[in-house]
Amino acid sequence: MQTRVSSYPGWDEIAVSGEITSADIAPLEEILQRFLTVGRYHVIIDMSGLIYIGSAGLSLFIRYTNALRRWDRGDLYLADLSGPIQKLLQIAGLVSEEHSQFSIYPSLAAAREAVQRQAKS
């Protein structure tokens, strides 16, 4: 897994590529924890380069989505998911037509637009 972090006024982005497995999840968790610690509660995960996510990655996204949303402080915005990743979220019961555990956007541009609206409110 490779990550690239970019910070903007009011939000941060993490571009993730490759595979998220239990063996290499620690750096991503450290980044997310650092954001929480310093009060950066709006985080976009650019998943355009992600080809696989295991159960440890799903668990990490659930935990940090809940932590960032606590007391309506922010959110974890998932952007540009591939078809197989979307299917995995559906199979895991995290996304359906009726509900979604995550804030999911079809593109990085759409996620940026949403986070800019939310960060201002």
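**Stop one: the aromatic pairs**

Searching the whole structure turns up two aromatic pairs (rings of Phe, Tyr and Trp, the last by its six-membered ring, pair if their centres lie within 6.5 Å; planes under 30 degrees apart count as stacked, over 60 as edge-to-face and the rest as tilted). Before you click, know that this is a predicted model, where local features need pLDDT of at least 70 and side-chain atom pairs count only at pLDDT 80 or more, while totals for chains, interfaces and linings use all residues. Residues are numbered from 1 along each chain as its sequence is written, and side-chain values use heavy atoms, with hydrogens and water left out.

Select tyrosine 8 and tryptophan 11: their ring centres sit 4.9 Å apart with planes at 20 degrees, so this pair is stacked. Tyrosine 8 is partly exposed at 29% relative accessible area, while tryptophan 11 is buried at 8% (buried means under 20% relative accessible area, exposed over 50%, partly exposed in between, with a 1.4 Å probe and protein chains only).

Now pick tyrosine 77 and tyrosine 105, a tilted pair with 6.0 Å centre to centre and 35 degrees between the planes. This pair links distant parts of the chain, 28 residues apart: tyrosine 77 is in strand 4 and tyrosine 105 in strand 5 (residues 103-105). Helices (H or I, at least four residues) and strands (E, at least two) are DSSP runs, numbered from the N terminus. Tyrosine 77 is buried, at 2% relative accessibility, and tyrosine 105 is partly exposed, at 21%.

**Stop two: two helices together**

Colour helix 1 (residues 26-37) and helix 2 (residues 55-69): their axes come within 11 Å and cross at roughly 5 degrees (axes are lines fitted to C-alpha atoms, for helices over the stretch in contact, and angles run from 0 to 180 degrees between N-to-C directions). That makes the two helices roughly parallel, the label for angles under 35 degrees.

Show side chains for the contact (heavy atoms within 4.5 Å): Leu28, Glu29, Leu32, Gln33 and Leu36 on helix 1, facing Leu60, Phe61, Arg63, Tyr64, Ala67 and Leu68 on helix 2.

**Stop three: around helix 2**

Which residues of helix 2 are buried? Select Gly57, Leu58, Leu60, Phe61, Tyr64, Thr65, Ala67 and Leu68. Their cover includes strand 2 (11-20), helix 1, strand 3 (42-53), strand 4 (75-79) and helix 3 (83-91).

Finish just after helix 2, at tryptophan 71, where phi is positive, about 55 degrees.

Methods
Parallel < 35°, antiparallel > 145°, perpendicular 65-115°, else oblique.
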